Amino acid sequence: MTDLIQYTTRGAVGLITLANPPVNAFSAAVRAGVLEALEGIMADDALTAAVITGSGKLFSGGADIREFNTPAGMQSPNLPELIEKTEAFPKPVVAALHGTAVGGALELSMACHHRVAAAGTRLGLPEVTLGIVPGAGGTQRMPRLVGAEAALDLIVGGRPIKAEEALELGLIDEVVESDVVDAAVALAEKVAAEGGPPRRTSELEDRVTADRERPEIFEEFRKKMARKARGLESPYACVECIEAAVNKPFAEGLAFERETFVRCVESAQSKALQHAFFAERESGKVPGVTKETSTRPIERAAVIGGGTMGTGITMCFANAGIPVSIIEVAQDGLDRAMKTIEGTYAGGVKRGRMSQDAMDACMSLITPSLGYDAVADVDLVVEAVFEDMSLKKEIFGKLDEICAEGAILATNTSTLDINEIARSTSRPESVVGLHFFSPANVMRLLEIVRGEATSPETLATAMQIGKTLRKQGVVVGVRNGFVANGMMLPYIRESEFLVEEGATPEQVDRVIFEFGFPMGPFQTMDMAGLDVGWRIRQAAAATRPESERYSPVADRICEMGRMGLKTKAGWYVYEEGSRTPVPDPEIAAMIEASSAEQGIERREISDQEILVRCLYPLVNLGAGMLEEGVALRPSDIDVIWMHGFGFPRYHGGPMFWADQIGLGEVHRVMQELYEQHGELLQPTALLTQLAQEGRSFGDWSAE
Ligand SMILES: NC(=O)c1ccc[n+]([C@@H]2O[C@H](COP(=O)([O-])OP(=O)(O)OC[C@H]3O[C@@H](n4cnc5c(N)ncnc54)[C@H](O)[C@@H]3O)[C@@H](O)[C@H]2O)c1
């Protein structure tokens, strides 16, 4: 037998233990091992029942995603076959669950005749997040255990639940504080002694019979999920499968689930979502940092500056249970910062997102401070003061004097050279960028900026802190705007040029929204506030080449005092109390006047032109950043765009999306745009090379 399964007996019970670290995935050898063990139990008359459990920290993470769409994935027994045989097993089979039982592991558990879980076990069917439906009977068995409504919630939501909730729903039979295997063995002995045929989930009809009388629950659910599931296929496929569970005999429902699974697993969306899943994990691998690289435990932190970012960052630490000091220069600034934090938490309590106790616990971790004494004993400082190099250097000089040896000195700068900031200290190896996105307590993306002197230990600690704060960290190099904001530039620039050439802000926003972004560039700019970009453009004006094309429209909007949503007017106007953008004839007239002034003849612009003109240039620049080494891999850029700017996950991020189109085509269009519009759109060397060689970014990073 494979050593990925351990087999022992406890009295008259055969105990099968999955032993395929790290997550006991149901790879081909594991499936074969479980089946072989079951057959052994069948053949042994001294054994009356079986228990299946997992070794290590968890029961199992389910199917082996790396086997999706591969021959190994279908090798007999495939997961559906194993699950059918488990349910059909003539002796009672009990699942003993602990840690985590998700995906195929929960599907197998539901086919066991009884389920016992250790307190706190996480159970769920997250398949929907990978663009598929549970494909081994999960959509058919779950409604039979918990009813269609709960099954819709769990399967379409892909949300894991704790054992205690699962018990209440009827998904499992018992939750124990004691040893779960002992409890499962005891239950197995008891049901075996009672005799009779095992309780097979596929034969439980009460729940589905009742649900058959209420067909409206499915329509209501589809309406409720429409906003969240916009553009996605798999949530709707899950609903159809659950509907089939309710309306069809088990075998037919199972066949329907299988067909749906096969259709989904081969879909472009599923491939993109799987790419996204692996891209997020891959981003944690960084040259020079290994498992052996030591990290500094972060027991206390300080944030300097209590403005927009500083308050949000302070909350991130408090939310993670880390005591944090927030430092301002004057009492009124400090009071304002604490009021902002308190108000944000109170809003969360009011909306039911957090309890009053949780808020109180977070507030008690935050110490408001004037002056720098508080930084003397912290492990990490995040500086978030005004974007001003001389101010930042002065602060880092002070930190250098006061902070303990080995403390991490981080800056949240968006645009400044971290190497220069690091040089203002005697310990540039301890300096790193922690670039949070606004609002910092909400946005998951964290760019971790590696300076030329940043040590592996500092970087590893920064990556660790990203995880502790539940952020999606991506390591990037030093460059103006780093990767995220740097790549935003051509996207915004081209959308403004399109508007000058004949499109309208609402047309551009519609095209980008329909592609799957939460909103288009103009609505995004209005939301973020137009003044920030205006200030940056003013600062850069002196260094902008005369010959470079420049759209003055955004500046003019600011000159009119329209700073976006916060002033109820920007690219759009907003009615009192509303966040819905309304096109403004005044802006349309101003744009037309600006086009005329610059001798641009306005023309009809197609939706397709808008899409490629907004997105291909950013792919092109992404390729440039890979060449420069500022971004480590194309998938890191994908992660940044998905988490920073809402690039639709079902397109897999800009670089993956470009690969699907084919870099030959992307390059051909870029070349055309370059010839029509000039040097800002020149194809980068890497894009050109890959296009000529018929390769993709995926091939390039696999080298
Ligand atoms: N706003 C954003 O969307 C955003 C996003 C990412 C990064 N950033 C960066 O974060 C930093 C802060 O930006 P912000 O938007 O929070 O600015 P802000 O103007 O809202 O806040 C800056 C705060 O720093 C305080 N401050 C100034 N000098 C100080 C000193 N010597 N000691 C302590 N506090 C001091 C100010 O009183 C002010 O409250 C900047 O470097 C910015 O580039 C901003």
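Modeller: First, a term: helices (H or I, at least four residues) and strands (E, at least two) are DSSP runs, numbered from the N terminus. The model is predicted, so local features need pLDDT of at least 70 and side-chain atom pairs pLDDT 80 or more, while totals for chains, interfaces and linings use all residues. Residues are numbered from 1 along each chain as its sequence is written, and side-chain values use heavy atoms, without hydrogens and water.

Threonine 684 sits in the loop between helix 29 (663-677) and helix 30 (685-692). Its relative accessibility is 16%, so threonine 684 counts as buried. Buried means under 20% relative accessible area, exposed over 50%, and partly exposed in between (1.4 Å probe, protein chains only). Which residues does threonine 684 touch, not counting those up to four places away in sequence? They are Asn620, Ala623, Gly624 and Glu627. Contact here means heavy atoms within 4.5 Å.

Now the whole chain. The protein chain holds 31 helices and 17 strands. Its radius of gyration is 29 Å, close to the 27 Å that the globule rule gives for 703 residues, so the chain is as compact as a globular protein of that length. That radius is taken over C-alpha atoms; the rule is 2.2 Å times the number of residues to the power 0.38. The C-alpha trace spans about 90 × 60 × 55 Å along its principal axes. Of the 703 residues, 55% count as buried. Among contacts between residues at least 6 apart in sequence, 72% join residues at least 24 apart.
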